[in-house]
Amino acid sequence: MDFRSFAFHPRILSGIEAAGYTHPTPIQQQAIPVILEGHDMIGVAQTGTGKTAAFMLPILHRLAERPGDHVRAVVLAPTRELAEQIHQATRLLGRDIGVRSVALYGGVKKWPQAAALRRGVDVVIACPGRFLDLDGDRALDLSHVEVLVLDEADRMCDMGFLPDIRRILALLPNDRQTLFFSATMPPEIRRLAQGILRAPVTVQVDAGVPAKTVSHAFYPITEGRKRDLLLALLQGPATGRVLVFTRTKSRAQSLASFLSGAGLNVAAIEGDMSQRDRQGALDGFRSGEYEILVATDVAARGIDVEDITHVINFDLPDSVDAYTHRVGRTGRLAKTGHALSLSAPADRLLRSWVEKAVGKPIESRRLPGFDYGGAVAGEARPGSSRFARRARLRR
Ligand code: AMP
């Protein structure tokens, strides 16, 4: 199948060519015809599947077929980085129709965004807070919106955006097409979708299952030895473009300092950093200036960097969904990737859930030559003879 089978406007096809896409991905094959027919849709798909083009190409086709002079499509996204990425993809794919798109998010000055709106835009890509803020300033005319996209709806709800989303829905014309994308569909997200969408068609690719192109391994280790094991992994098997996840913002910063002190090219990205610093870290990671990016879940949401070879869970996430989201950054579009998790004994339950999601047991590895200090998490615990022997030796 190729993109010509969708009967897109010729200038959309040239945008696709400019982006270098030759064949539609599975979500694009399924979603594009449904959206072109005007249906509401639920797309169950992770970032990395090509979902942005799946919803944006039909929007651009609509703009090309019937040019107008109003905001015609609104895309809501949970994070600034994701909004910016969607905006860049829109500009590239819509290059030949001269699409006017703007990304609205907090953490940067409001007036340039308001000025862009005044000059006139076709597509608004926004985080909910700044969108409402600008609407409060009367900078937005929403009376001609034809399409609403909720991207990463599950994440928006996790981040507490549900009340904002409801307020935004009330501002938009009722007669519109609504496209709802989510990596997972737990009951509360399903209820939200049912309340918003009219006779939606559901399109699903590998929901909740880590991509088959990703290999998974656990490295049992005690908390005290994690940093050194990570360093050894980064100096050894995990060379390439590596995304490391920590549980908290402060752990992301201190880990990045530690790795940088050890001579590695590393940057951190976390929610307390200024928008400029976050973008700088992301751009540096994308360009290869930094080989390693240490991130928290929220900051990493929607990060679209090609060729990430390894995702390392320095701290395991607290759910299988979050694990799936994290490892979805590697092994994209049929390239192979590796998900390595430093795991402590307390992670045993999560590990069994991940094994269920992956559909097979996950290998436990020991890094050859690494000094585990005599104890590997999950092997020696207080009360075990090995622990007792070490304790006696120290006395
Ligand atoms: P997304 O899931 O929208 O974040 O897309 C993930 C990555 O896949 C982005 O870098 C896109 O540019 C890329 N992509 C999307 N569609 C295609 C396609 N049909 N062929 C090749 N790459 C694609």
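**Domains, ligand and cysteines in a predicted model**

User: How far apart do the C-alpha centres of domain 1 and domain 2 lie?

Analyst: The C-alpha centres of domain 1 and domain 2 are 32 Å apart. This is a predicted model, in which local features need pLDDT of at least 70 and side-chain atom pairs count only at pLDDT 80 or more, while totals for chains, interfaces and linings use all residues. Residues are numbered from 1 along each chain as its sequence is written, and side-chain values use heavy atoms, with hydrogens and water left out.

User: Which residues belong to each domain?

Analyst: Domain 1 spans 3-205 and domain 2 spans 214-394; these bounds come from an automatic or database domain assignment.

User: And how many residues are in contact between them?

Analyst: In domain 1, 19 residues are in contact with 21 residues of domain 2, where contact means heavy atoms within 4.5 Å.

User: Now the ligand. What surrounds it?

Analyst: The ligand is surrounded by 16 residues, and the closest are Tyr21, Gln28, Gly48, Gly50 and Thr52.

User: Which atoms lie by the oxygen atoms of the ligand?

Analyst: A polar side-chain atom of Tyr21 is 2.7 Å from an oxygen atom of the ligand. A backbone N or O atom of Gly50 lies 2.8 Å from an oxygen atom of the ligand, and one of Thr49 lies 3.0 Å from an oxygen atom of the ligand.

User: Is Cys127 buried or exposed?

Analyst: Cys127 is buried, at 7% relative accessibility. Buried means under 20% relative accessible area, exposed over 50%, and partly exposed in between (1.4 Å probe, protein chains only).

How values were computed:
Near = heavy atom within 4 Å. Polar contact = N/O pair within 3.5 Å; in protein donor to acceptor, adjacent residues only side chain to side chain.
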